[in-house]
Amino acid sequence: MSSTLLEVTRAAHEDVERLERLIVKDLQNEPATSKDRLFQSHRVRNMIDTIISTTEKLVEIYDDNDNARKDEIAALGGQTATGTNVFSAFYDRLKEIREYHRRHPAARVVDATEEYEALLKEEPIIEFSGEEALGRYLDMHELFNLYINSKFGEPSTEYSAYLDIFSQPHKIPRKLKLTRQYREYMENLLEYLVYFFQRTEPLQDLDRIFLKVGAEFEEQWANGNIQGWENEGQENGHVPAQHTVIDLDYYSTVEELMEFGPEKLKEALAALGLKTGGTVQQRAERLFLTKHTPLEKLDKKHFAKGARASQQNQAAAVPEQDDNVKEIALLETKLKKLCDLLDETVARTKDNVVKKQALTYEEIEAEREEEETQADTESDDDEQQIYNPLKLPMGWDGKPIPYWLYKLHGLGQEFKCEICGNYSYWGRRAFERHFKEWRHQHGMRCLGIPNTKNFNEITSIEEAKDLWKKIQERQGVNKWRPDLEEEYEDREGNIYNKKTYADLQRQGLI
């Protein structure tokens with residue numbers, strides 16, 4: 001029955017709409033704890049992913065690249081190769097339906113609502129380490145070990161101090177960043193933070209955030225405004241081939257270079273692969289040659305042994321180095337953005353680490369035992385808590401009554417009584433019974449109205465007063481009037497009403 005393309009399309013639209021309603025229903029519930037909020041976010045994320053995949057399938061159907069949808073619509077209209085025959089198409093369809101029910105006589109309509117409602121009760125499985133404590137803290141011990149054992153890290157750095165400096169890569173010297181070790185460290189660091197952010201903030205669109213970061217990075221890189229990489233982008237987007245520790249653009253004579261001294265000149269020459277020997281003047285002259293002459297055009301006698309070939313290889317590898325520098329700068333920019341998004345978690349992690357470092361061994365053991373005891377207590381509470389997502393009334397055994405009984409007695413229907421102080425009664429039976437109970441009787445006494453059967457089904461104070469007024473008016477016609485209806489008899493056997501008898505007695509006639 002659901003094998004037709006149009007039926008698949010209809011079912012897909014129905015699934016999308018039902019999931020959208022479930023998302024709204026789930027988000028209307030305010031989570032009581034951070035754990036519930038995390039579970040709610042992951043449930044919504046899973047439903048959004050399902051909507052996206054279903055929508056992609058719908059787009060493929062509507063594109064109709066194989067004309068299957070077009071042919072099916074034409075077949076429903078009775079269009080065949082021999083012409084149009086609406087009645088033939090109708091009876092063919094009817095025959096197919098009858099054949100289906102003949103083969104499946106016990107077929108029933110499946111209510112998909114209950115199946116989808118179960119999505120609101122599930123607790124998604126989220127992988128967190130013990131150190132992360134359901135996303136409250138970061139677990140960066142492995143990255144910390146990489147940092148202190150690297151050339152760009154400080155071996156004496158403590159873990160608490162590392163939590164302060166890992167988000168500040170601009171403080172690392174630039175020459176230490178152009179290594180494979182630093183790039184791998186940055187990639188691992190960024191990978192962990194992305195994975196942690198996706199687990200703790202599943203509703204955030206990290207791809208869109210990084211897309212915006214990339215656009216801003218390109219603009220800042222072109223202007224040379226990336227922190228830690230200032231003026232890199234202005235050199236045509238790459239590191240200058242003749243970069244030295246001395247900027248020759250500020251010096252116009254050899255004598256000015258000689259003022260740096262032999263050691264500084266030696267360092268600058270070594271950075272370019274040139275010979276470092278000779279007097280101060282010879283070193284300054286050799287370095288000054290590179291101000292107007294590219295390295296590849298210099299006489300090979302100025303180069304140290306083997307330095308000429310390496311220099312040529314360096315010149316050929318400039319474009320590749322340019323890309324590497326830019327990619328490292330982009331990794332640092334993304335890292336800083338993630339650190340801004342996780343600043344509260346980073347601060348919380350540092351406070352937790354400092355707190356643990358301040359505790360003695362005995363205090364740590366006592367705190368661990370206290371946490372285990374608290375976890376056991378919470379586990380017992382969870383086991384004692386009755387699972388009742390539909391909020392069904394409790395039965396005599398302390399458990400929710402069956403759902404069919406709930407529907408049979410109409411316990412989902414609410415009746416409010418203004419006379420009872422806007423008290424709610426659930427179900428028709430409880431509503432009818434409450435007219436004889438103390439709360440309603442007390443309300444009627446406060447109104448000065450007798451609680452008789454005449455006032456059954458009356459819940460409004462105004463309606464009760466109006467009815468009581470009409471009853472009093474109606475009773476005024478049939479009211480017992482003793483002066484007219486009470487009878488008296490004199491000595492002679494004459495019958496008088498009370499008023500007439502009193503008048504005659506006053507006049508002395510009786």
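Trainee: Is Glu-187 buried, partly exposed or exposed?
Mentor: Buried means under 20% relative accessible area, exposed means over 50%, and partly exposed lies in between, using a 1.4 Å probe and protein chains only. Glu-187 has 34% relative accessibility, so this residue counts as partly exposed.

Trainee: What kind of model is this, and how are residues numbered?
Mentor: This is a predicted model, in which local features need pLDDT of at least 70 and side-chain atom pairs count only at pLDDT 80 or more, while totals for chains, interfaces and linings use all residues. Side-chain values use heavy atoms, leaving out hydrogens and water, and residues are numbered along each chain as its sequence is written, from 1.

Trainee: Which residue forms a salt bridge with Glu-187?
Mentor: A salt bridge needs a side-chain nitrogen of Lys or Arg within 4 Å of a carboxyl oxygen of Asp or Glu. For Glu-187, the closest N and O atoms are 3.2 Å apart.

Trainee: How are helix 6 and helix 9 oriented, roughly parallel or roughly antiparallel?
Mentor: The axes of helix 6 (residues 141–148) and helix 9 (residues 180–200) come within 11 Å and cross at roughly 165°. Axes are lines fitted to C-alpha atoms over the stretch in contact, with angles from 0 to 180 degrees between N-to-C directions. Angles under 35 degrees count as roughly parallel, over 145 as roughly antiparallel, 65 to 115 as roughly perpendicular and the rest as oblique. Helix 6 is therefore, relative to helix 9, roughly antiparallel.

Trainee: Which residues of helix 9 make the contact with helix 6?
Mentor: Contact means heavy atoms within 4.5 Å. Helix 6 contributes Leu-143, Leu-146 and Tyr-147, and helix 9 supplies Tyr-185, Asn-188, Leu-189 and Tyr-192.

Trainee: Where do Asp-503 and Arg-506 lie?
Mentor: Their side chains meet in a salt bridge, with N to O at 2.3 Å. Asp-503 is partly exposed at 29% relative accessible area, whereas Arg-506 is exposed at 64%. The two are 3 residues apart, about one helical turn, in helix 23 (residues 498–506).

Trainee: How many salt bridges does the structure hold?
Mentor: One of them joins Asp-205 to Arg-208, the closest N and O atoms being 3.7 Å apart. Salt bridges also link Glu-7, Arg-10, Glu-14, Asp-15 and Arg-18 in a network. The number for the structure is 18.

Key: Helix = DSSP H or I, 4+ residues; strand = E, 2+ residues; numbered from the N terminus.
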